[in-house]
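Keep the picture open while you read.

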Amino acid sequence: MRIVVLTGGIGGARFLVGVRAHARRIGAEVTAVVNVGDDVRMHGLQICPDLDSVMYTLGGAADPERGWGRVGETWVVKEELAKYGAEPSWFGLGDKDTATHLVRTTMLTAGYPLSQVTAALCERWQPGVTMLPATDDRLETHVVADIEGERKAIHFQEWWVRYRGAVPTHRFVFVGAETAKPAPGVVEAIAAADVVLLAPSNPVVSVAPILAVPELKEAVANGPAPVIGVSPIINGSPVRGMADRCLGTLGVEVSAAGVGALYGARSGGGVLDGWLVDTTDDKTDIPGVRVKAAPLWMKNEDLTAAMVASALDLAGV
Ligand code: GDP
Ligand code: CA
């Protein structure tokens, strides 16, 4: 069996740990198509937060407390940059992480596409799944917000990390998405998949930028494989993170039903065949979509693998 997962960073990475565990049990192959909308160049380094969250988590090197970056991280480079007054100072650039960004940036500068750079980095981390960036092209999520009384578009990282999303926010723009092409292997993986899963990632700033790549959306929406989404919202709460702020900006209710309706039924121009919700949300009804309830707290690998089994069950594969 072939499983494709569309994923963001931390939430998606935790989900992929369960996907990988279940896939090992049933002998399935997994391809993760990872959001690149958070990617940003800082201090001359190309930083790919979601790719790194997935790679470090599956590689067993993520910091479990912080949720992002490397376990046992040190911060000498960040402190030294601050002593120079080098901006941005609000971004958490760890020393170990910096080595990853140096290797990546050197390879990108030498002309390698991000997909090949990612494959090269994964030789070290052996994530056990094929990791593909959604696109090799520039695709950045920007946020239109009022900053100190002035409306401007800032990079998603600045909105998220510096302002914690706590500024009047109007919309999200996926710069470059319309002309971006899926990275090599993405459309092929989706076309050959037995099931496509939407990780319980942030629907607005993790999954939406992936689906903003036109040929990628087309492959998912019109492909042969059933598409099953897993709700990132449990009982009206985003569990961890700030999905509620993102959904609020779009005027979407922070609920399993709200996010399910945002993705929409394939039959109605959306992407979903099935929507897996938490048992507390078992009354959820999305027109044109099969809804199933299962415990969706990703407390450990076994519980997460059980979620994946429920998703495959819903897909009928
Ligand atoms: P990011 O890119 O690092 O922000 O991570 P993602 O977008 O992949 O995932 C963030 C989302 O994961 C959050 O908005 C939460 O709604 C969701 N999430 C986190 N933990 C859990 C969990 O245990 N269960 C479920 N269902 N969703 C979760
Ligand atoms: Ca992210």
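This is a predicted model: local features need pLDDT of at least 70, side-chain atom pairs count only at pLDDT 80 or more; totals for chains, interfaces and linings use all residues.

Residues are numbered from 1 along each chain as its sequence is written, chains are lettered from A and ligands numbered from 1 in the order in which they are written, and side-chain values use heavy atoms, with hydrogens and water left out.

So what is a pocket? On a 1 Å grid over the protein atoms alone, a pocket is an open set of points where a 1.4 Å probe fits, with protein on both sides within 12 Å along at least five of seven lines; lining residues have an atom within 4 Å of a point. Points are joined across faces, edges and corners, and the volume is the space filled by probe spheres set on them.

The largest pocket holds about 1000 Å³ of space. It has 45 lining residues, and those closest to its centre are G9, I10, G11, W160 and G241. Helix 2 (49–58) is among the elements that give two or more residues to this lining, and helix 2 gives the most, with 5 residues. (Helices are DSSP runs of H or I with at least four residues, strands are runs of E with at least two, and both are numbered from the N terminus.)

Now, where does ligand 1 sit? In the largest pocket, meaning that more than half of its atoms lie within 2 Å of the pocket's grid points. Around ligand 1 are 20 residues, the closest being I10, S201, S206, P232 and R240; to count, a residue needs a heavy atom within 4 Å of the ligand. By class, this shell has 10 nonpolar, 8 polar and 2 charged residues, and helix 1 gives the most to it, with 3.

Zoom in on the polar contacts (pairs of N or O atoms within 3.5 Å). An oxygen atom of ligand 1 lies 2.8 Å from a backbone N or O atom of G12, and for P232 a backbone N or O atom is 2.7 Å from a ligand oxygen. D50 uses its side chain: an N or O atom there is 3.2 Å from an oxygen of ligand 1. On its own, ligand 1 has 590 Å² of accessible area, and the protein covers 94% of that (Shrake-Rupley method, 1.4 Å probe).

The second largest pocket has about 320 Å³ of space. Among its 18 lining residues, A13, R14, V17, T57 and P64 are the closest to its centre. Helix 1 gives the most here, with 5 residues.

Most residues other than glycine have a negative phi, and most peptide bonds are trans. Yet E87 and P88 are joined by a cis peptide bond, with omega about 0 degrees; P88 is in the loop between helix 3 (76–83) and helix 4. N235, not a glycine, has a positive phi of about 50 degrees, and you'll find N235 in the loop between strand 10 (227–230) and helix 10 (243–250).

How values were computed:
A polar contact is a pair of N or O atoms within 3.5 Å; within protein, one must be able to donate a hydrogen and the other to accept it, and residues adjacent in sequence count only if both atoms are side-chain atoms. Ala, Val, Leu, Ile, Met, Phe, Trp, Tyr, Cys and Pro count as nonpolar, Asp, Glu, Lys and Arg as charged, and the others, Gly among them, as polar.
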